[in-house]
Amino acid sequence: MFAAAQQQPDPKTTEVWAPEPGRVTPGSPASAPSDAIVLFDGKDLREWVSAAAPDQPAGWTVAGGSFTVRGGSGDIQTRRLFTDYQIHLEWRVPTTLGGAGQARGNSGLFLASTGKGSGYEIQILDCADNKTYANGQAASMYKQHIPLVNACAAPGEWQRYDVIWTAPRFGADGKLLAPAYVTALHNGVLVQNRVALQGETVYVGKPAYRKHGPAPILLQDHGDAVSFRNIWVRPL
């Protein structure tokens, strides 16, 4: 007697055909993906408002396809609110920098703004040849996570952040259910690898969470003439 031939598994049993992923046309250095919300197209700040007075327009300067912090005019934030998203943002510090440490092309991208000066900040700063505390240098999750590497370009050169933001989750009673997570690339280099935040960014003391929902994205007026261009976001 011969043993029955062993039946081979059918590879089709592990094929998944539906639902299919939606089709997205990729972006380019000059354009956003087809499913993105363009937050700045080089022309105006219609997607931005004053953070101090959200019923007022953003007061920064638009020229030559970019916009620049107008020192003393205050932070600006998006008109729209977001939860989880992917954001692309390009920034440049001027070549005429005279300061050192934190006083050298300082600004910040707040991935969720939760009130006046509050939220979760990834630092913007000239760190090409400028020493400061490691958890406050460019691409740090300010005062929480040091970037894996320093990928800064020189002053005057355009730099880019590509960030995946996963917002924290809270229960009905305000209790934290899941922390915020950040993955970030600086000039195409991984600098934050799904790091968990301990709470909102603070300058002094320990971070903590407060219950919040969808929030605007904010850019910080730290007094330095930092410029921005080509900003888009994909809600996830």
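Hi everyone, let me start with a definition: a residue is called buried under 20% relative accessible area, exposed over 50%, and partly exposed in between, using a 1.4 Å probe and protein chains only. By that scale, Arg-210 is partly exposed, with a relative accessible area of 43%.

Now the ground rules. This is a predicted model, where local features need pLDDT of at least 70, side-chain atom pairs count only at pLDDT 80 or more, and totals for chains, interfaces and linings use all residues. Residues are numbered from 1 along each chain as its sequence is written, and side-chain values use heavy atoms, with hydrogens and water left out.

Back to Arg-210, then. Its side chain forms a salt bridge with Glu-200 (2.9 Å, N to O); the term stands for a side-chain nitrogen of Lys or Arg within 4 Å of a carboxyl oxygen of Asp or Glu. Both residues lie in the loop between β13 (189–196) and β14 (218–219), so the pair ties together parts that are 10 residues apart in sequence. Strands here are DSSP runs of E with at least two residues, numbered from the N terminus. Glu-200 is buried, at 6% relative accessible area.

How many salt bridges are there by this rule? The count comes to 7. Another of them joins Asp-84 and Arg-169 (2.8 Å, N to O). Asp-84 sits in the loop between β5 (76–78) and β6 (85–92) and Arg-169 in strand β10 (residues 169–170), so this pair links parts that are 85 residues apart in sequence. Asp-84 is buried at 16%, while Arg-169 is partly exposed at 35%.

Asp-44 and Arg-46 also meet in a salt bridge (2.8 Å, N to O). Here Asp-44 is partly exposed at 23%, and Arg-46 is exposed at 58%.

On to the pocket, for those of you who like grids. A pocket is an open set of points on a 1 Å grid over the protein atoms alone, with protein on both sides within 12 Å along at least five of seven lines; lining residues have an atom within 4 Å of a point. The largest pocket has a volume of about 230 Å³, taken as the space filled by probe spheres set on the points.

Note on methods. 1 Å grid on protein atoms, 1.4 Å probe; cavity = no way out; pocket = protein on both sides within 12 Å on 5 of 7 lines; lining within 4 Å. Helix = DSSP H or I, 4+ residues; strand = E, 2+ residues; numbered from the N terminus.
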